[in-house]
Amino acid sequence: MNVLFLLFALTATPQAHLPEDVEAFVVERDACDHFRGESTEGDSPEQVERRAFVKESLEIYCSGTDRRLAALKRRYSGNAAAMSALGKYEPVIEGPRCGP
């Protein structure tokens, strides 16, 4: 699954209207979670290249998400739709578990 598919899936799914910053977070965090699940094993040239791509993608999509998620939850604590969308994410993913 690529990031474009994730973007399409998010926009194609009917949802309650979310604040723009929450929608942006959802797209980025879904991409982050996708790359967190990618296999990074192996030593062939293709696997080494893929591992570098996954590591770079994790840095792009995952960096700062713990802090952003907490801030969005504080900001939209009274918005049920936003809290529902944000509630599906693990609150702490950065650190040793984030990447290969």
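Is Arg29 buried or exposed, and with what relative accessible area?

**Before you start**

This is a predicted model: local features need pLDDT of at least 70, side-chain atom pairs count only at pLDDT 80 or more, and totals for chains, interfaces and linings use all residues. Residues are numbered from 1 along each chain as its sequence is written, and side-chain values use heavy atoms, with hydrogens and water left out.

**Stop 1: Arg29**

Arg29 is buried, with a relative accessible area of 0%. Buried means under 20% relative accessible area, exposed means over 50%, and partly exposed lies in between (1.4 Å probe, protein chains only). Arg29 sits in helix H2. Helices here are DSSP runs of H or I with at least four residues, numbered from the N terminus. Now show the contacts of Arg29, meaning heavy atoms within 4.5 Å. Leave aside neighbours within four places in sequence, and Arg29 touches Arg36, Thr65, Leu69, Tyr89, Glu90 and Ile93.

**Stop 2: the rest of H2**

Select residues 20-36, which make up H2. Its 17 residues should span 24 Å at 1.5 Å a residue, and the end C-alpha atoms are 24 Å apart, which agrees. The expected span is 1.5 Å times one less than the number of residues. Colour the buried residues of H2: Val22, Phe25, Val26, Arg29, Ala31, Cys32, His34 and Phe35.

**Stop 3: the disulfide**

Go to Cys32. Which residue forms a disulfide with Cys32? The partner is Cys62, and the two sulfur atoms are 2.0 Å apart. The cut-off for a disulfide is a pair of cysteine sulfur atoms within 2.5 Å. Check the S-S torsion: it is about 110 degrees, so the disulfide of Cys32 and Cys62 is right-handed. This pair links distant parts of the chain, with Cys32 in H2 and Cys62 in H3 (residues 45-62), 30 residues apart. Both cysteines are buried. A search of the whole structure finds 1 disulfide.

**Stop 4: along H3**

Follow Cys62 into H3. The 18 residues of H3 should span 26 Å at 1.5 Å a residue; the end C-alpha atoms are 25 Å apart, which agrees. Select Val54, Ser57, Leu58 and Cys62, which are buried in H3. They cover an arc of only 105 degrees around the axis, which puts them on the same side of H3. The arc is taken from the directions between the helix axis and the C-beta atoms. An α-helix has 3.6 residues a turn, so residues three or four places apart point the same way.

What do the buried residues of H3 pack against? They pack against H2 and helix H4 (65-75). Just after H3, stop at Gly64, where phi is positive, about 85 degrees.

**Stop 5: the aromatic rings**

Rings of Phe, Tyr and Trp (its six-membered ring) pair if their centres lie within 6.5 Å; planes under 30 degrees apart are stacked, over 60 edge-to-face, and the rest tilted. By this rule the count is 3 aromatic pairs. Select Phe35 and Phe53: this pair is edge-to-face, 5.6 Å centre to centre, with 75 degrees between the planes. Phe35 lies in H2 and Phe53 in H3, 18 residues apart. Phe35 is buried at 5% relative accessible area, whereas Phe53 is partly exposed at 40%.

Phe35 and Tyr61 are stacked, 6.0 Å centre to centre, with 10 degrees between the planes. Tyr61 is in H3, 26 residues from Phe35. Show the three together: Phe35, Phe53 and Tyr61 form one aromatic cluster.

How values were computed:
Helix = DSSP H or I, 4+ residues; strand = E, 2+ residues; numbered from the N terminus.
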